[in-house]
Structure formats: C-alpha cells, structure tokens
Amino acid sequence: MLLAFAACTQKPVQENINTSEAKEREYIRAIEGEDEDLNLEEITRGEVLISYSDCAECHKEDKRAKGPAFQNIAKRYPNTQAYIDLLTRKVISGGTGSWGSPIMSPHPELKEEDAKAMVSYILSLEK
Ligand code: HEC
C-alpha cells in the first residue's frame, strides 16, 4: 500500500512530457494525407487578405487565442484542394465544435476565392 502510494506521487518527469504531448496530439488530431504543391502566389495573396480582415481578433499564428493557432490548423489538415474547400466554407459560414466550444463568426462578405487564398496561407504555416 505504502509502496504503491510512493510510486504514484513520484511521477517521473518523462511521463509529464508524454502527457502534454498526448494532450497536444488529442487537440490537433492530425489527419493523414499527402500535401499537394503549394501555390505561392495564392499564399501571399491570402496573407495580405488576412491582414485586412478581422481574423487576428481571434487567431494568432503560433498560439491558441479565442480560436486555434493557425499553425495548429496547418498541423491538422493536409494541404489538399478538398480540405482547402472544406475550410473555405467554414470561414464563410462560421461554426464551432472542431477545436472545442468557442464559436467562429461567419464571414458572408468574403468572396469564396479570397477565403480560399486565406486558407491556403494558413495551411502553409505548418512547422
Ligand atoms: C470571433 C472570433 C473569430 C474570428 C473573427 C475568426 N475566427 Fe477562425 N475560428 C474561431 C474559432 C473559435 C474557431 C474554432 C471553431 C471550431 O472549433 O469549430 C476557428 C476556426 C478557424 C479555422 C479552422 C476551422 C476548422 O473547422 O478546423 C480556420 C481555417 C479559421 N478559423 C480561419 C479564420 C479566418 C481566415 C478568419 C478571418 C477571415 C477567422 N478565422 C476569423 C474564431 C474566429
């Protein structure tokens, strides 16, 4: 009994690291898939469009804010046309549930081609 107690209280540091890595994996839930070629022109256009939109109110590139970090979005989704289309619809119509309970506001004023460029930029940020 006493021994078991001691074993519980002395968690090796390694285990804590593994736990936080496991949490990160659980949060990101990376989807398997081959990245397609990046369209550099589209990515640059997306970066500029994002800087003129309200995205930064809820998103940071490398840290979770109200919304997920752009780098974490890039880690989850393979860079393919299908996922770019899926995320483009999400940016335009808004939603919740993919990254927890906060809600992403809809952006109905965005042109589809512009939202697409923004998503291409976000998915290019994978480190
Ligand atoms: C009001 C806060 C808010 C604003 C403004 C906002 N977002 Fe989000 N965004 C969120 C939240 C919260 C989520 C997570 C939604 C979820 O869990 O389904 C999210 C998720 C996303 C996702 C991932 C969606 C998914 O299903 O994985 C993308 C891509 C994204 N945002 C892009 C953008 C872009 C581009 C803009 C600017 C045009 C923007 N966001 C503006 C809050 C915001």
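Modeller: An oxygen atom of the ligand lies 3.4 Å from a polar backbone atom of Thr-96. For Gly-97, the distance from a polar backbone atom to a ligand oxygen atom is 3.2 Å, and for Ser-98 the corresponding distance is 2.9 Å. A polar contact is here a pair of N or O atoms within 3.5 Å; within protein, one must be able to donate a hydrogen and the other to accept it, and residues adjacent in sequence count only if both atoms are side-chain atoms.

The model is predicted, so local features need pLDDT of at least 70 and side-chain atom pairs count only at pLDDT 80 or more, while totals for chains, interfaces and linings use all residues. Residues are numbered from 1 along each chain as its sequence is written, and side-chain values use heavy atoms, with hydrogens and water left out.

Around the ligand there are 27 residues, of which Cys-55, Cys-58, His-59, Tyr-77 and Met-104 are the closest; a residue is near a molecule if one of its heavy atoms lies within 4 Å of it. By type, the shell comprises 14 nonpolar, 10 polar and 3 charged residues, where Ala, Val, Leu, Ile, Met, Phe, Trp, Tyr, Cys and Pro count as nonpolar, Asp, Glu, Lys and Arg as charged, and the others, Gly among them, as polar.

Two helices each supply at least two residues of this shell, H5 (81–93) and H6 (112–123). The largest share, 3 residues, comes from H5. Helices are DSSP runs of H or I with at least four residues, strands are runs of E with at least two, and both are numbered from the N terminus. The protein chain holds 6 helices and 0 strands.

H6 has 12 residues and reaches 16 Å from its first C-alpha to its last, close to the 16 Å expected at 1.5 Å a residue; the expected span is 1.5 Å times one less than the number of residues. H6 is mostly covered, with 9 of its 12 residues buried, among them Asp-114, Met-118 and Tyr-121. Buried means under 20% relative accessible area, exposed over 50%, and partly exposed in between, with a 1.4 Å probe and protein chains only. Over the 127 residues of the protein chain, buried residues make up 30%.

Pro-108 has its place in the loop between H5 and H6. Pro-108 counts as exposed because its relative accessibility is 62%. The C-alpha atoms of Pro-108 and Ile-92 are separated by 5.2 Å, although the two residues are 16 residues apart along the chain.
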